[in-house]
Amino acid sequence: MSKNKLSSGILRWMCSISSPSLLKLGENNLTGELSSSLQNCTKLYSLDLGNNRISGEIPKWIGERMSSLGQLRLRGNMLRGDILEQLCFLSHLHILDLALNNLSGSTPQCFANLTALTSMILLDIENDEMRTAYSDHMELVVKGQYMKFESIFPIVNLIDLSSNNLWGEIPKGISNLSTLGTLNLSQNQLTRKIPLMIGAIQRLEVLDLSCNRLLGPIPPSMSSITSLNHLNLSHNLLSGPIPTTH
């Protein structure tokens, strides 16, 4: 139901009449805060409400009640406030897109504990609900361009928090996310150094930390990420040599 002119009223009854595994309402006319009735969608695996005019804060119940959630796309809205630690409760979460909002505060340290991004997890897709969620597509911004993924499953692992007002340091534990493929923290107000062991994210293909206030050297471990094909560290306060492979 994406790319229509649906209003927010649809969210109030959607989960009261069924228990969907997939909810795609991106690019509509949704306004106001996220309806609390969504927390009744306890079997929801994919939630896409991107590019609407949803306001308010990200509710705690997303992390507390929607334990099956693996894909959360809220980019391009008017969300404010902190990125809550309750999102770290989502053990299946492998796509988190909160870009282009008004979020502030620091990036939760507990992101290092997102289970689906720390190991390759084989999920059971034999049941009809999970198969339905897996058979759909999602548009994600990768390398600065919209890309349509027809089969996104756990193969595509992404965190995009770009174009917000996040501050503080990049969590050191983010290096634990060994299966993360895309990390975009650009256009925020992040400070301090890039985590020393960021090179431990061996499956990282896209890393964009541009337009922040990061300082210090580029970690030597970054040269060991052999899968990296898009790197943007521009418009920061970095110094020192560029790491090279030996």
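Predicted model: local features only at pLDDT ≥ 70, side-chain atom pairs only at ≥ 80, totals over all residues.
Student: How do I read a sheet? In what order do the strands form it?

Tutor: Strands of a sheet pair through backbone hydrogen bonds, either parallel or antiparallel. Strands here are DSSP runs of E, at least two residues, numbered from the N terminus. Two strands pair if DSSP finds at least two bridges between them. In this model, 6 strands form an open sheet, in the order β2-β4-β6-β8-β12-β14, and the pairing is parallel. β2 (31-32) and β14 (189-190) stand at the edges with a single partner strand each, so one side of each has no neighbour in the sheet.

Student: Which residues stand opposite each other around β6?

Tutor: Gly 56 stands opposite Leu 79 in β6. Strand β4 (residues 53-57) and β6 pair over 3 bridges. On to β8 (residues 102-105): β6 pairs with β8 over 2 bridges. There, Leu 103 is the bridge partner of Gly 81.

Student: Which face of β6 is covered?

Tutor: Leu 79 and Gly 81 make up the covered face, while Met 78 and Arg 80 are on the uncovered one.

Student: Which residues touch the most others in the largest nonpolar core?

Tutor: A nonpolar core is a set of buried Ala, Val, Leu, Ile, Met, Phe, Trp, Tyr and Cys residues joined through side-chain atoms within 4.5 Å. Buried means under 20% relative accessible area, exposed over 50%, partly exposed in between (1.4 Å probe, protein chains only). The largest core has 51 residues; Leu 49, Ile 62, Leu 72, Leu 98, Ile 159 and Leu 161 touch the most other members. A second, separate core has 6 residues, including Leu 140 and Val 206.

Student: How many salt bridges are there?

Tutor: Side chains of opposite charge can pair when their charged atoms come close. The rule: a side-chain nitrogen of Lys or Arg within 4 Å of a carboxyl oxygen of Asp or Glu. The count comes to 6. Arg 75 and Asp 160 form a salt bridge, 3.3 Å from N to O. Arg 75 lies in the loop between β5 (71-73) and β6, and Asp 160 in β11 (residues 158-160), so the pair ties together parts 85 residues apart in sequence.

Student: Is Arg 75 buried or exposed?

Tutor: Arg 75 is buried, at 4% relative accessibility. Asp 160 is buried too, at 1%.

Technical notes. Residues numbered from 1 in each chain as written. Heavy atoms only, no water. Helix = DSSP H or I, 4+ residues; strand = E, 2+ residues; numbered from the N terminus.
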